[in-house]
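Trainee: I have a new structure to look at, and I would like to learn how to read it. Could you walk me through it?

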Amino acid sequence: MLETTIAAIRPADETAMAAARELHSRLTKPAGSLGALEDLSVRLAGLAGACPPPLPEPAAVAIFAGDHGVHAQGVSPWPQEVTAQMIGNFLAGGAVVNAFARQAGASVTVVDVGVATPLAAEAAALDPAALDSAALDPAALDPAALDPAVLDPAGLNPAVPRLVVASVRRGTRDLAVTAALTRDEALAAVQTGIRIADELIDAGARILLTGDMGIGNTTPAAALIAAFTGVDALDATGRGTGVDDPTYAHKVAVVRAALARHAPDPTDPLGVLAAVGGLEHAALAGLILGAAARRTPVLLDGVIAVSAALAAAAFAPDAVGAMVAGHRSAEPGATVALRHLGLDPLVDLGLRLGEGTGALLALPVVTGAVRVLHEVATFDSAGVAEK
């Protein structure tokens, strides 16, 4: 699945991009007056291979949830059980991401790709005892079919959050001690993300938004960012949920030691994900790749999303053409990753919540950029004189 997905990712369509630039020059506004919105609409035309590109409606948020063995190193003050508790909150509609999704009319899909605490809805999940082996067949880790309840029969349902059970293992191993995942487990998580992208796009989604949940997941995100960009651990690591100075210094030391222990090779993205990543990071990389293969934009959220985007770009550089940076996370590693990807964030509000919240706030900006090409009159059609 991963190989065929990568093979389907193509460069932006230059003809469609030229057509979008030409159309902008004829719309009833001064040339360049919409600034970054014009550049964004041109990029989206290139992704779609059409001018104007499809309106990014309906939108679907995919929240990938997982836990992390590195939590044992004391990198977060929050108990690991909060990951599962927040999934319950997502499904009940009580989280910030739910409030923003209702405002935007976006559906919410929660994917348990590696939560440590068993969820009541996971009776049909794969036996985690069968997943702790380096000799596993990747096909056995790739769920044959995701829970069909993720999709409303009439399409994507913004009113009802859905849960998909696709657990690869109940949390990663401690990356400070050993590799977080085997290559087969990392591959299974990537393929789960690809499958979710296909499911949502097949159901009608025209833009995917990244979401995440996992106590301690900014530590592997920092390790991924440092591994893919080459910056020092200090530049890639932030305070996550707001740790104090001693905990922050310890967190940086954990990231630095993990990188020294594993020496991840940025030209081997699956190996990097296995060594220092998380299951939600790997699944998000798969979601991005799956969307890029279907020429569907992906609106990136914060530091977890952009760390996964680095992995996706390492798998397939042209996948960057499908990425839209929703916001600039307060985590310093997010700015490092966005610079490496060559992406400018649409909004900068000092957010560091995750869940998909920043991406949802940026969604109307993306929609507006495309709507201009659909609805604004040209000088000729409106009878407006040009300068």
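Mentor: Let us go from the overall fold to a few local features. Keep in mind that this is a predicted model.

Trainee: How does the radius of gyration of the protein chain relate to that of a compact globule?

Mentor: A compact globule with 387 residues would have a radius of gyration near 21 Å, and the protein chain has 20 Å, so the two agree.

Trainee: Next, helix packing. At roughly what angle do the axes of helix 11 and helix 13 cross?

Mentor: Helix 11 covers residues 269-276 and helix 13 covers residues 303-315; their axes cross at roughly 150° and come within 9 Å. Angles over 145 degrees count as roughly antiparallel, which means helix 11 is roughly antiparallel to helix 13.

Trainee: Which residues make that contact?

Mentor: On helix 11 they are Pro269, Leu270 and Leu273, and on helix 13 they are Ala311, Ala314 and Phe315. By class, this contact has 6 nonpolar residues, with no polar and no charged ones.

Trainee: What is phi of Ala263 near, and is the value positive or negative?

Mentor: Phi of Ala263 is near 45°, a positive value in a residue other than glycine. Ala263 sits in the loop between helix 10 (245-262) and helix 11.

Trainee: And how do I find empty space?

Mentor: The general idea is to roll a probe the size of a water molecule over the atoms, which shows where empty space is left. In this structure, the largest pocket has a volume of about 500 Å³.

Trainee: How many residues line the largest pocket, and which lie nearest its centre?

Mentor: The lining has 28 residues, of which Met213, Asn217, Thr241, Arg352 and Leu353 lie nearest the centre. Helix 4 (82-92), strand 4 (207-213) and helix 13 each supply at least two residues of this lining. By class, the lining divides into 10 nonpolar, 11 polar and 7 charged residues.

Trainee: How many cavities of 30 Å³ or more does the structure hold?

Mentor: There are 2 cavities of that size, and about 60 Å³ of space lies in the largest cavity. Its lining includes Ile9, Arg10, Leu47, Arg295 and Asp318. The lining residues of the largest cavity divide into 7 nonpolar, 1 polar and 3 charged.

Note on methods
Residues numbered from 1 in each chain as written. Predicted model: local features only at pLDDT ≥ 70, side-chain atom pairs only at ≥ 80, totals over all residues. Heavy atoms only, no water. Axes fitted to C-alpha atoms, helices over the stretch in contact; angles between N-to-C directions. Helix = DSSP H or I, 4+ residues; strand = E, 2+ residues; numbered from the N terminus. Parallel < 35°, antiparallel > 145°, perpendicular 65-115°, else oblique. Contact = heavy atoms within 4.5 Å. Nonpolar A, V, L, I, M, F, W, Y, C, P; charged D, E, K, R; others polar. 1 Å grid on protein atoms, 1.4 Å probe; cavity = no way out; pocket = protein on both sides within 12 Å on 5 of 7 lines; lining within 4 Å. Points joined across faces, edges and corners; volume = space filled by probe spheres on them. Rg over C-alpha atoms; globule rule 2.2 N^0.38 Å.
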